[in-house]
Number of protein chains: 2
Amino acid sequence: MNENQKEKKDQNIDGMFCQKTVEKWGVLEVVCQGEAGGNPFIERTIRGYFDGKQEHIAVEGFYDGNGVYKVRFMPSFEGRYAFRIEGTYGGGIQSGVFEVTAPSAENHGPVRVANTYHFAYEDGTPYYSIGTTCYVWELQSEERISETLETLKNSAFNKIRFCIFPKHYDYNLGEPRSYPYEGSPMDSSVLTKENFLEYTGKTEGNHFDLTRFCPEHFQHIERCILELQKLGIEADLIVMHPYDRWGFSQMTKEQDALYWKYVLARFSAYRNVWWSLANEYDLLEHKTLEDWEGYAAIICEKDLYHHLRSIHNCRPFYDHSHPWITHCSIQRQDLYKSAELVNEWRERYRKPVVLDEIAYEGNIQHGWGNISGEELVRRFWEAVCRGGYAGHGETYMNPDDVLWWSHGGKLLGESHKRLHLLLEIMKETPGIGLCQYENCGWDEVCAVPEQEFMKPVKSYYLYYYSFMCPSFREFYFDDETEFEVNVIDTWEMAAEWRGVFHGKFRIALPGKPYMAVQIRKLR
Amino acid sequence: MNENQKEKKDQNIDGMFCQKTVEKWGVLEVVCQGEAGGNPFIERTIRGYFDGKQEHIAVEGFYDGNGVYKVRFMPSFEGRYAFRIEGTYGGGIQSGVFEVTAPSAENHGPVRVANTYHFAYEDGTPYYSIGTTCYVWELQSEERISETLETLKNSAFNKIRFCIFPKHYDYNLGEPRSYPYEGSPMDSSVLTKENFLEYTGKTEGNHFDLTRFCPEHFQHIERCILELQKLGIEADLIVMHPYDRWGFSQMTKEQDALYWKYVLARFSAYRNVWWSLANEYDLLEHKTLEDWEGYAAIICEKDLYHHLRSIHNCRPFYDHSHPWITHCSIQRQDLYKSAELVNEWRERYRKPVVLDEIAYEGNIQHGWGNISGEELVRRFWEAVCRGGYAGHGETYMNPDDVLWWSHGGKLLGESHKRLHLLLEIMKETPGIGLCQYENCGWDEVCAVPEQEFMKPVKSYYLYYYSFMCPSFREFYFDDETEFEVNVIDTWEMAAEWRGVFHGKFRIALPGKPYMAVQIRKLR
């Protein structure tokens with residue numbers, strides 16, 4: 001028996017299995033056979049200790065059904081690790097070793113806050129967030145899920161917001177593919193577009209055991225998180241939300257804590273996970289500020305990898321200056337101004353500003369879901385040029401009532417096509433991230449690299465004219481420096497190189513909205 | 001000699017002429033021959049007393065050159081009047097009588113504030129302001145002036161803002177057709193688009209006698225005011241402004257007072273005159289709040305007909321709560337929100353809100369002059385549905401540098417065509433003026449008749465969806481009332497009658513921006 005065979009054997013005996021190698025920022029999973037009797041979710045524990053040269057992590061595992069317990073670990077360093085598993089789960093103490101290999105080409109690690117207002121993957125690669133929202137795409141049919149993944153693959157999106165709990169709301173009256181708890185839901189055939197608001201929160205007819213999770217529900221979500229990971233998309237998990245008829249939004253403190261710990265034990269080891277404590281936290285009327293701070297404390301204690309954490313509002317913002325909040329996740333408060341307020345929010349919170357909800361492209365009756373593609377793309381550019389990030393969503397009526405914003409599927413709109421160009425332009429930023437130049441003209445948005453805000457070196461300017469339609473603009477930086485100029489039609493997705501200029505120069509523009517001018521110092 | 005002949009003779013003798021009849025709200029002018037020597041503008045006086053059954057008015061006249069003095073009077077009542085002229089003008093005491101006849105069909109009298117937030121002519125006819133700005137249209141060539149009048153005739157405009165002084169600014173470097181004072185201007189051939197800002201205010205090379213007016217300059221403006229009157233257009237006269245190279249914006253207190261009194265003596269009797277104390281008052285850096293209040297005091301003393309009075313800002317608003325201010329004349333302060341703030345301004349000032357400058361349709365480099373036609377029309381509708389009034393302007397580049405905003409001429413844009421429909425809709429309002437219903441939804445602008453704000457009678461609703469693109473909207477007022485519904489495409493200028501509805505009803509919409517729904521109780 002050679003060394004390799006021995007290792008393999010070591011880790012596949014006595015009711016325990018663990019892979020032998022894992023890549024850095026991958027998921028190392030230890031699977032243990034334990035007791036299935038009673039209620040393992042609340043009566044049993046399992047915990048893992050992972051020791052490498054540069055980190056020593058103690059992490060909680062979870063019960064995955066059929067007597068199986070799992071402990072997951074995301075290593076942040078390469079090299080040899082040892083582990084030990086223990087707890088009352090019924091399988092005794094287990095141990096082993098594994099090797100952490102270099103990350104594969106597309107694996108840049110988890111996303112972190114890089115320089116106060118922007119993000120980068122842990123390996124230093126800038127991450128320019130282009131988000132979309134599909135609240136319960138993962139709880140639809142297999143066919144729909146495949147269609148959504150195919151759509152995402154061809155999109156510019158690198159973040160998607162979605163819920164762990166099913167959703168009950170306008171256009172969301174059907175049954176999810178699974179429930180997070182054992183039990184049975186109310187009869188949804190009584191629901192109509194007219195009466196659904198009478199069935200909210202804890203409604204009669206639901207019989208769920210809120211101490212017994214359905215592992216299949218979570219296993220499925222894990223598969224979806226991994227599918228997103230393959231596409232380079234961050235999973236911005238909405239852990240709580242108010243669009244409920246089953247009572248999941250009105251659980252007790254103890255039930256909530258059990259849920260949060262289970263979620264954290266299952267999902268924390270996936271590098272592309274972000275925590276969104278809630279969608280529209282203020283609509284969860286049974287929850288107090290103390291409750292939210294309590295959930296945050298659980299995350300901070302149990303997520304040892306420090307994934308990004310935020311909380312999304314309906315009307316009043318949560319106070320984003322709380323230290324546990326890594327970035328502002330904002331739903332706009334004003335019908336007319338959204339991305340235009342990024343400067344203000346940056347200054348107020350000194351954190352990355354992510355506009356997760358600034359109205360969706362679509363044509364439904366609700367004002368949050370019926371702006372034009374042009375307007376949504378304009379809001380994206382306004383956000384980016386002011387040093388923030390915007391989020392997409394689509395709510396076009398269709399015969400099947402399949403709206404991207406909730407169900408995923410196909411994109412019917414026009415805005416998403418324009419986000420590829422925006423992402424390309426963002427990636428051309430020297431350093432990480434843009435911000436609005438402090439001496440910007442009142443009738444333009446002039447973006448410069450974030451690190452030049454305090455000390456401009458005249459290296460790079462991105463001017464955006466939004467809804468204005470100038471037929472020319474004049475520029476002057478100094479008498480000597482030579483700049484090359486691109487004129488970008490952000491809606492028609494065309495960039496035109498205009499040549500090299502210095503001194504005072506004039507750039508002709510087509511006199512229509514949504515134009516940008518990119519000015520780069522010649523090297 | 002019969003009575004008529006005697007009257008005629010009485011009023012055309014001894015160096016005095018006065019017409020025998022005038023219509024109510026017309027201009028009765030007494031022309032007297034006096035002394036031409038010295039400086040009649042400052043050394044001579046002339047004053048008229050006009051006595052009818054219901055009014056007794058003492059008004060100052062003015063020197064009109066060549067030894068001619070004039071006193072003008074606008075009667076507000078029908079019937080017989082007597083008048084007497086006196087002063088040091090050199091023609092002694094003159095007197096006579098005249099008959100005030102009924103107003104002609106198109107003469108509704110001066111515009112007044114009707115019900116706190118709206119306007120009506122003195123005869124009670126509602127006046128729905130659709131303004132435009134052509135700062136010095138009247139100081140252009142005869143050909144251009146004719147062209148402007150022809151354009152106005154075919155437009156929906158019923159108010160135009162323009163200056164008494166000539167204008168020096170970007171696109172305004174040429175000589176005006178005349179100057180308000182005797183003397184000679186600087187050589188304008190030195191001016192270029194690059195250097196013109198170096199020639200501002202009191203510039204060397206100008207030699208004007210600021211105590212001697214050029215009557216021809218004012219006579220010409222009077223002809224223009226009368227031409228506008230024939231077209232049913234109010235003349236919103238901008239009496240002072242900062243776009244100056246001749247020194248007219250930096251006169252002494254005494255020179256200013258002389259100017260204001262001359263302007264008031266000449267123009268007050270024209271029923272379609274409004275007083276705009278200044279354009280961008282805050283850019284007249286040599287004027288103090290005390291100066292402005294002083295000019296206002298002169299108007300209030302000398303304009304016995306109480307024409308509308310306002311003052312227009314660049315950045316900070318003048319405090320529109322001053323009692324002499326009849327309505328807010330607003331330049332928007334925010335790049336993104338303008339007409340959307342009408343509600344706020346109504347509440348703050350409790351006066352009509354007229355948005356005289358909310359950016360112009362055009363394609364020049366300046367952000368105040370390059371919004372699309374769609375955006376300008378959207379701002380008009382937002383203003384109107386919130387109980388205010390908007391103003392138009394056009395700044396399209398063209399080979400002759402003739403921009404409507406300053407020079408008049410032809411309109412090249414698209415917004416003006418849409419204002420006819422808006423005016424028609426405004427005229428359909430029961431009572432005078434609209435306001436936003438206090439229980440309006442957050443994602444719509446719901447206008448109701450002003451008088452129903454406090455006590456809705458479900459008579460009339462005008463919903464506007466602005467940039468939003470709903471494909472349907474649902475309505476419910478009560479179970480019984482029958483309403484007829486029109487769907488209005490404010491951009492395509494199409495109105496479609498959709499039938500009669502009651503109870504809860506759903507109106508299909510095309511899922512594009514700029515739609516309105518007009519809902520009227522069936523009689």
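Which side chains meet in a salt bridge with Arg498(B) or Glu496(B) at one end? Select the two together: Arg498(B) and Glu496(B) pair with each other, 3.6 Å from N to O. Keep in mind that this is a predicted model.

**Stop 1: the pair in chain B**

Stay on Arg498(B). Its relative accessibility is 28%, so it counts as partly exposed. Now click Glu496(B).

Next, switch to chain A and look for a network. Select Glu29(A), Asp64(A), Lys70(A), Arg72(A), Glu222(A) and Arg266(A). Salt bridges with shared partners link these six residues into one network. Over all chains, the structure holds 80 salt bridges.

**Stop 2: the pair in chain A**

Select Arg498(A) and Glu496(A). Their side chains form a salt bridge, with N and O 3.5 Å apart. Arg498(A) has 27% relative accessibility and so counts as partly exposed. Glu496(A), at 44%, is also classed as partly exposed.

**Stop 3: a helix in chain B**

Show helix α8 of chain B, residues 373–385. Pick out Arg378(B) and Glu382(B), which both lie in this helix. They sit four residues apart, about one turn of the helix. Their side chains meet in a salt bridge at 3.3 Å, N to O. Are these two buried or exposed? Both Arg378(B) and Glu382(B) are buried.

**Stop 4: where the chains meet**

Display chain A and chain B together. The contact draws 37 residues from chain A and 38 residues from chain B. Between them the chains bury about 2,800 Å². Carbon and sulfur atoms carry 62% of that area.

Now turn to the charges. Two salt bridges are counted between chain A and chain B. One of them joins Lys337(A) to Asp334(B), side chain to side chain, at 2.5 Å from N to O. Polar contacts between the chains come to 14 residue pairs, with both residues at pLDDT 80 or more.

Colour chain A by secondary structure. On the side that touches chain B, α8 (373–385), β28 (472–476) and β31 (504–508) of chain A each supply at least two residues. Which element gives the most? That is α8(A), with three residues.

**Stop 5: an asparagine in a loop**

Finish at Asn398(A). Find it in the loop between β24 (394–395) and α9 (404–407) of chain A. Asn398(A) counts as buried because its relative accessibility is 17%, and the cut-off for buried is under 20%.

Which backbone oxygens does its side chain reach? One belongs to Tyr396(A), at 3.2 Å. Another belongs to Val402(A), which lies 2.6 Å from a polar atom of the Asn398(A) side chain. Now show the neighbours. Leaving out residues up to four places away in sequence, Asn398(A) touches Leu403(A) and Leu412(A).

Note on methods
Residues are numbered from 1 along each chain as its sequence is written. Chains are lettered from A and ligands numbered from 1 in the order in which they are written. This is a predicted model: local features need pLDDT of at least 70, side-chain atom pairs count only at pLDDT 80 or more; totals for chains, interfaces and linings use all residues. Side-chain values use heavy atoms; hydrogens and water are left out. Contact means heavy atoms within 4.5 Å. Buried area is the accessible area (1.4 Å probe) that two parts lose on being put together, summed over both. A salt bridge is a side-chain nitrogen of Lys or Arg within 4 Å of a carboxyl oxygen of Asp or Glu. A polar contact is a pair of N or O atoms within 3.5 Å; within protein, one must be able to donate a hydrogen and the other to accept it, and residues adjacent in sequence count only if both atoms are side-chain atoms. Buried means under 20% relative accessible area, exposed over 50%, partly exposed in between (1.4 Å probe, protein chains only).
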